[in-house]
Amino acid sequence: MNDADVSKQIQQMVRFIRQEAEEKANEISVSAEEEFNIEKLQLVEAEKKKIRQEYERKERQVEIRKKIEYSMQLNASRIKVLQAQDDVIGSMKEAASKELLSVSHHHHLTLTHHDHVYRNLLKDLIVQCLLRLKEPSVLLRCRKEDLHLVEHVLDSAAQEYADKANVDPPEIIVDNQVYLPPGPSHHNAHDISCSGGVVLASHDGKIVCENTLDARLDVMFRKKLPEIRKQLFGQVVA
């Protein structure tokens, strides 16, 4: 083989190697581009997923805020309704308290039919306290303006209790030093007041039976409050 043949053969080998290298380089380039596109797509999808998650998170936050605001508004409305209802009931109780004054109002010089009714009520209140206390000796307090009515019924109240409880008549000591507050008036509207009735206590003061008209009104209102609400407002606000 002469030099020309060798040179020709070398050139062919060079072209073959070059072509093979170019093809390999092309394959590498295509593969790299494909991998780049895949990675780019994955990155894009990952970012899209993050954006969707962030949007869903903010959407949930908005919904939670809406629910909280709605709940606050609903509670505020319920509180206003309940406050309005309480105001109505409070007005009713205040009106009832004023009516109590008509029950206990009496004349000091002459006894009217109304005075007899209140005097009998005082006796019943005393008997009721005696039945609760079941003590042989008790201390009684009343309003100063009711003192003469109370003293008038003491003996009959003690005897009625004795007959009902099958015991000896108890000793009833009227407190002439400390009286229950007087009835409310325009002059002492904000002072402590008592619309009538009595308070009895055991001799040692450990057991007390408060049987004033105001106390009985409070008990009645607490006991009848659900029924009053239902009568006035129908379905109770939840």
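Mentor: The centres of domain 1 and domain 2, taken over C-alpha atoms, are separated by 73 Å. To the contact (heavy atoms within 4.5 Å), domain 1 gives twelve residues and domain 2 gives 20 residues. Domain 1 covers residues 1–106 and domain 2 covers 112–228 of the protein chain, with bounds that come from an automatic or database domain assignment.

This is a predicted model, in which local features need pLDDT of at least 70 and side-chain atom pairs count only at pLDDT 80 or more, whereas totals for chains, interfaces and linings use all residues. Residues are numbered from 1 along each chain as its sequence is written, and side-chain values use heavy atoms, with hydrogens and water left out.

The size of an interface is often given as the accessible area lost when the parts come together. Between domain 1 and domain 2 the buried area is about 1,300 Å²; this is the accessible area (1.4 Å probe) that two parts lose on being put together, summed over both. Carbon and sulfur atoms give 72% of that area.

One salt bridge is counted between domain 1 and domain 2; the term stands for a side-chain nitrogen of Lys or Arg within 4 Å of a carboxyl oxygen of Asp or Glu. A salt bridge joins Lys-93 and Asp-218, with 2.5 Å between the closest N and O atoms. On the side of domain 1 that touches domain 2, six residues are nonpolar, five polar and one charged. In this classification, Ala, Val, Leu, Ile, Met, Phe, Trp, Tyr, Cys and Pro count as nonpolar, Asp, Glu, Lys and Arg as charged, and the others, Gly among them, as polar.

Because Glu-47 and Lys-50 are three residues apart in helix α1 (residues 3–104), about one helical turn separates them. The C-alpha trace of the protein chain spans about 165 × 35 × 30 Å along its principal axes.

Note on methods: Helix = DSSP H or I, 4+ residues; strand = E, 2+ residues; numbered from the N terminus.
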